[in-house]
Amino acid sequence: MFLNKTVFASFAMIAILSAISTSSAETVDTQTTITPINSSIGLEKTIVPFHAPKENKLPWGFVEGKIASPVEEYPVIIQIYKNGEAVHFAQTDVKKDGSYEYKFRVRDVTNDVVTKIFEGDYTVKIFKVVYLDKSSTFA
């Protein structure tokens with residue numbers, strides 16, 4: 001039951017795909033795991049793919065979601081990798097309603113010079129500290 005409540009946050013990276021990609025029929029494979037920290041809280045890790053097409057014209061990408069049972073005082077950590085190499089790390093605060101958002105630059109145009117900050121395929125890891133569902137068991 002706990003995992004069903006947090007599925008919404010697992011699809012946070014869909015916002016990036018819809019903001020950057022021209023195809024609305026894409027499916028996103030996500031993986032979510034929870035590692036207990038102690039008997040009441042755990043670290044939820046969600047891994048999602050991110051693709052910035054070569055023809056992208058939009059300047060921003062973003063990660064957003066809502067955590068069903070966030071632990072106060074813990075930010076969301078976002079890590080972006082390309083071919084296993086770290087390319088961008090960030091953190092963002094969680095609002096009182098459990099929502100979070102982080103915007104990042106994908107493309108820049110300065111003095112008519114275009115710089116593609118992100119292009120191609122990436123893996124995004126999103127880390128959140130959550131209260132554990134007492135009815136769940138973890139190995």
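This is a predicted model: local features need pLDDT of at least 70, side-chain atom pairs count only at pLDDT 80 or more; totals for chains, interfaces and linings use all residues.
Residues are numbered from 1 along each chain as its sequence is written, and side-chain values use heavy atoms, with hydrogens and water left out.

Let's start with the core. By that I mean buried Ala, Val, Leu, Ile, Met, Phe, Trp, Tyr and Cys residues joined through side-chain atoms within 4.5 Å. Buried is under 20% relative accessible area, exposed is over 50%, and partly exposed is in between, with a 1.4 Å probe and protein chains only. The largest core has 18 residues, and F50, I78, I80, F104, F118 and V124 touch the most other members. Strands β2 (41–52), β4 (76–82), β6 (99–105) and β9 (120–131) each give two or more residues; strands here are DSSP E runs of at least two, numbered from the N terminus. The largest share, four residues, is from β9.

On to salt bridges, meaning a Lys or Arg side-chain nitrogen within 4 Å of an Asp or Glu carboxyl oxygen. There are two. In one, E44 pairs with K128, closest N and O atoms 3.3 Å apart. E44 sits in β2 and K128 in β9, so this pair ties together parts 84 residues apart in sequence. E44 is buried at 0% relative accessibility, and K128 is buried too, at 1%.

E119 bridges to K116, again with 3.3 Å between the closest N and O atoms. Here E119 is partly exposed at 29%, and K116 is partly exposed at 39%.
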